[in-house]
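Please walk through this fold with the sequence and the model side by side.

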Amino acid sequence: MSASRPFILVLHGPNLNALGSREPAIYGADTLLSIDASLRARAATLGCDVLCVQSASEAVLVDAVLDAGRWADGVVINPGALTHTSVALRDAVLAAGVPVVECHLSHTDRREAFRRRSWLGPACVGRVQGFGATSYLLALEGLVAHLARAHQGGR
Ligand code: DQA
């Protein structure tokens, strides 16, 4: 981790660019733009920097996670539906060499059976779900605390 100011990559997967109008009863009314703005605001109070990227492409997300190992201190990712299908993303998380936190707006364990399996989950240092847009802020906070502990030689 960089000495004092961690750099966090935030990745949003497929269909998350439609937040605001996409099934608001499940995902809430916040747009991705407003979520990214609140992440930047929270990052400022936590003393870190965030770069937020959205893509519907599994390949782009895999490359971004792998590449994060070269320049970022950690990753927050909402992989969207790729959570439940992508072994390639799981392998990228395992290969990245930086901690990754999985996050979801909805409580995936309480939804359809196919959403209960996360391929990435076991490869991540933590997982936040079910708190709407707040899930992202909790994931960022948890990751920054994890990095601080690791920096101090803890676990
Ligand atoms: C989601 C949950 C996924 O099951 C779904 O495919 C999404 C959004 C969430 O944030 O709740 O696209 O990742």
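**A polar side chain under cover**

The side chain of Gln129 makes a polar contact with the side chain of Asp109, at 2.8 Å. A polar contact here is a pair of N or O atoms within 3.5 Å; within protein, one must be able to donate a hydrogen and the other to accept it, and residues adjacent in sequence count only if both atoms are side-chain atoms. This is a predicted model: local features need pLDDT of at least 70, side-chain atom pairs count only at pLDDT 80 or more, and totals for chains, interfaces and linings use all residues. Residues are numbered from 1 along each chain as its sequence is written, and side-chain values use heavy atoms, with hydrogens and water left out.

Gln129 sits in strand E5. Helices (H or I, at least four residues) and strands (E, at least two) are DSSP runs, numbered from the N terminus. Is Gln129 buried or exposed? Its relative accessibility is 14%, so Gln129 counts as buried. Buried means under 20% relative accessible area, exposed over 50%, and partly exposed in between (1.4 Å probe, protein chains only). A polar contact of 3.5 Å also links the side chains of Gln129 and His107. Setting aside residues up to four places away in sequence, Gln129 touches His104, Ser106, His107, Thr108, Asp109 and Ser135. Contact means heavy atoms within 4.5 Å.

Now turn to the ligand. Around it stand Arg22, Tyr27, Asn78, Gly80, Ala81, His84, His104, Leu105, Ser106, Thr108 and Arg115. Each has a heavy atom within 4 Å of the ligand. This shell divides into 3 nonpolar, 6 polar and 2 charged residues. Ala, Val, Leu, Ile, Met, Phe, Trp, Tyr, Cys and Pro count as nonpolar, Asp, Glu, Lys and Arg as charged, and the others, Gly among them, as polar. A polar side-chain atom of His84 lies 2.7 Å from a ligand oxygen. A backbone N or O atom of Leu105 lies 2.8 Å from a ligand oxygen. For an N or O atom in the side chain of Arg115, the distance to a ligand oxygen is 2.9 Å. The protein covers 99% of the 320 Å² of accessible area that the ligand has on its own. Accessible areas come from the Shrake-Rupley method with a 1.4 Å probe; for residues, only the protein chains shown count as cover.

Asn78 is buried, with a relative accessible area of 3%. Its side chain makes a polar contact of 3.2 Å with the side chain of Tyr136.

The expected span is 1.5 Å times one less than the number of residues. Gly153 follows H5 and has a positive phi, near 90 degrees.

Helix H3 covers residues 58-71. Its buried residues are Leu61, Val62, Ala64, Val65 and Ala68. They pack against E1, E3 and helix H4 (87-96).
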